[in-house]
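Have a look first, then read on.

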Amino acid sequence: MESILSLFSRMMEIAAAGNFEEGGAPAPEVDPPTFDPTVPAIPVSYPIKTLEELESRVYFDSFHFPFNQATVKLPSSSLARRPRILVCHDMAGGYMDDRFVQGGGNADAYAIWHWSLIDVFVYFSHSLVTLPPPCWVNAAHRHGVKVLGTFIVEHSVGNAIASKVLSSKDSVRMYAARLTELAVSLGFDGWLLNVEVSLDPKQIPNLKEFVSCLTQSMHSSLPGSLVIWYDSVTVDGYLLWQDQLNDKNQAFFDLCDGIFTNYSWEEDFAKLSADAAGNRKYDVYMGIDVFGRGTYGGGQWTTNVALDVIKEADVSAAIFAPGWVSETKQPPDFQTAQNRWWGLVEKSCGIMQHYPKMLPFYSNFDQGRGYHIASNGKQISGIPWNNISSQTFQPFLESSEDKANSPIRVFVDFSEASFNGGGNITFTGTLNDGTSFSTRLFLGHLLVGSSPIKFTYSVRASVDCQLGLVLEFSSSSQEKKSVFLAAPGNTLLTMNQFSNPYTSVVMPSRVTKLEKQDGWSIQETNVNMTGYILKEIRAICYKTRHSTEAASLQYHAVLGDLRISNGEDNDSNFPSADSWLVDASFISWTSNSEGSKLLSLKISWQLKVGNADLFPKYNIYIYKGAASSSDDQSEAVEYLGAAFVNAFYVSELRIPSGSSTVKFIVQVCGLDGAQQKILDSPFFLLQAGNL
């Protein structure tokens with residue numbers, strides 16, 4: 001039976017072979033001639049390319065629309081009053097591997113995981129209306145980052161488009177309403193406006209009206225939303241990039257939430273822009289082109305030169321095309337180069353987002369791509385995949401350059417077995433007997449209530465290698481306390497070794513060893529720090545002191561996931577299977593050249609009573625056993641993929657001959673990473689006849 005991920009893998013191989021011309025340059029964009037958005041197919045994200053499509057609202061009639069709705073809500077709608085970082089995606093023209101809403105088959109797909117360094121993310125392409133794929137919105141929102149789409153008018157066709165949009169105040173209001181409706185319906189946070197054409201000065205009043213209408217419409221429909229003006233056409237109607245905020249573009253800035261300047265600025269332009277903005281200086285985003293095309297400081301590996309000037313001027317930065325690292329194949333590999341490049345950003349600008357901030361908190365360190373997928377220590381898929389929606393909270397791992405002489409190498413690993421999802425944090429190197437090594441995992445701001453909080457984490461370690469956590473707390477009076485969550489072992493030895501550096505040492509309250517799951521163990525520890533704020537979580541690699549026999553210097557441990565909760569066992573909090581309405585539509589049977597039966601259908605589900613927002617993810621399985629089989633169904637299922645909306649499309653799934661029924665299982669997942677048992681999960685049973 002060919003799984004959905006396998007189908008995606010084949011599709012991506014075809015796409016990769018045909019998407020670039022010789023030499024690595026992007027091939028001309030060509031729409032599939034048979035693409036009809038109203039026909040059921042594997043869900044994809046795509047832009048709106050004409051005013052006719054925008055005006056007619058035809059996008060909402062698309063089969064793909066409900067799949068493109070982002071489901072992760074922003075934890076806060078306000079932007080911090082400080083210099084910010086805006087990142088404008090522009091990766092190879094957009095809509096690459098990320099266009100497959102249910103995920104693709106490219107383990108090397110481009111992704112961003114340094115969300116702690118970002119305030120605003122813009123999804124960019126050169127289509128008229130760029131709609132961010134939901135995977136970007138889900139991942140960004142999870143980390144507290146706002147996401148904007150792009151409305152762009154450019155090139156020779158842009159004049160005709162601009163003339164139609166700006167033909168009257170009624171036209172302006174109508175198109176502003178259409179853009180607002182799209183953002184609100186799809187779950188993203190606003191727009192970057194880029195009018196890169198010359199205009200008749202008589203059109204400028206209506207252009208101002210358009211900027212004002214869109215901003216007001218977004219604010220009234222979605223509090224905390226943003227409309228950012230790109231430094232392009234001036235108030236005189238000339239297409240003259242100013243590279244700063246001045247009297248040629250100030251009128252547009254005054255009508256919206258900020259300006260993204262062009263990249264060719266000089267050293268004093270950031271300070272001049274701050275002066276022009278007055279008390280809105282943080283709404284000035286000085287542009288930096290990472291490719292280095294005319295940008296101050298040269299971009300690329302000297303992007304920090306521009307960032308340092310921007311920081312000195314106390315304004316914000318707009319980083320354009322950080323995908324340069326991937327597009328230009330920076331050595332030695334994407335993972336290493338990406339971490340190194342974003343390390344430059346952190347050194348210049350510092351951390352923008354902090355987490356954990358609320359409970360429950362969960363991370364399996366999944367970057368939304370990899371070579372396998374695991375569930376509670378058991379591998380459920382061995383096929384390469386990508387889906388940025390699958391990202392959980394990303395760790396604040398320190399730059400490898402800062403740790404060049406470290407005895408332990410720390411990295412997110414895709415090859416090592418995972419506990420949940422497709423990633424983990426691997427710690428490998430050498431440690432002397434009785435020594436330890438510490439490294440940052442998370443920087444948070446979690447106020448601890450009156451009840452104890454539970455830390456649950458999965459570990460797989462070599463003999464004599466221990467992995468614990470250190471929690472750094474601060475009180476309202478700035479009193480500092482550090483709590484060491486030790487690994488299981490000799491309590492006396494552990495206390496003797498760690499009682500000095502830390503305020504307290506806490507041994508695990510429960511350890512569960514999963515012998516059948518590749519040696520994983522689950523460690524649980526309760527902590528009571530009422531009124532304190534959890535500021536940092538660090539990992540501690542250590543070896544306890546041995547009085548006899550020399551121990552190996554080699555150290556190797558893997559952290560599979562981390563859950564912080566209020567102590568309740570959420571496995572019992574899932575609604576029962578009969579609490580859900582599960583249905584199927586667009587059912588289609590076909591045959592392939594080998595005579596096998598292929599099934600396509602859309603599965604959808606709805607919670608009858610209760611709050612479905614508590615369940616951000618659903619794992620989809622097909623049961624392969626006979627309908628009357630008494631076998632444990634959890635051992636006879638095949639993983640098809642993950643859904644982040646209440647629907648999943650199955651395309652041309654090969655069904656074994658002789659099957660009379662086909663059972664699709666929807667495994668519900670909680671905010672804390674818990675997964676409902678397969679046997680207790682809702683399902684849809686399709687009567688297939690005797691195939």
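## Positive phi off glycine

Tyr-95 counts as buried, at 10% relative accessibility (buried is under 20% relative accessible area, exposed over 50% and partly exposed in between, with a 1.4 Å probe and protein chains only). Tyr-95 isn't a glycine, yet its phi is positive, about 55°. You'll find Tyr-95 in the loop between β1 (85-88) and β2 (120-122); helices (H or I, at least four residues) and strands (E, at least two) are DSSP runs, numbered from the N terminus.

Asp-314 is another non-glycine residue with a positive phi, near 65°. Asp-314 sits in the loop between α9 (303-313) and β9 (316-320), and is partly exposed, with a relative accessible area of 24%.

## What you're looking at

This is a predicted model, so local features need pLDDT of at least 70 and side-chain atom pairs count only at pLDDT 80 or more, while totals for chains, interfaces and linings use all residues. Residues are numbered from 1 along each chain as its sequence is written, and side-chain values use heavy atoms, with hydrogens and water left out.

## Cis peptide bonds

Pro-331 to Pro-332 is a cis peptide bond, with omega near 0°. Pro-332 lies in the loop between α10 (324-327) and α11 (334-349).

The bond from Leu-359 to Pro-360 is cis too, again with omega near 0°. Pro-360 belongs to the loop between α11 and β10 (361-363).

## The largest cavity

How many cavities of 30 Å³ or more does the structure hold? There are 4. A cavity here is a set of points, on a 1 Å grid over the protein atoms alone, where a 1.4 Å probe fits but cannot get out; lining residues have an atom within 4 Å of a point. Points are joined across faces, edges and corners, and the volume is the space filled by probe spheres set on them.

The largest cavity comes in at about 80 Å³. Both α3 (134-142) and β29 (637-643) supply at least two lining residues each; the lining includes Phe-67, Gln-69, Pro-134, Asn-138, Ala-642 and Ala-643. By class, that's 7 nonpolar, 4 polar and no charged residues (Ala, Val, Leu, Ile, Met, Phe, Trp, Tyr, Cys and Pro count as nonpolar, Asp, Glu, Lys and Arg as charged, and the others, Gly among them, as polar).

## The second largest cavity

Next comes a cavity of about 50 Å³. Its lining has 8 nonpolar residues, with no polar and no charged ones, among them Phe-151, Val-153, Leu-166 and Phe-210. β4 (146-154), α4 (155-165) and α6 (204-221) each supply at least two of the lining residues.

How values were computed
1 Å grid on protein atoms, 1.4 Å probe; cavity = no way out; pocket = protein on both sides within 12 Å on 5 of 7 lines; lining within 4 Å.
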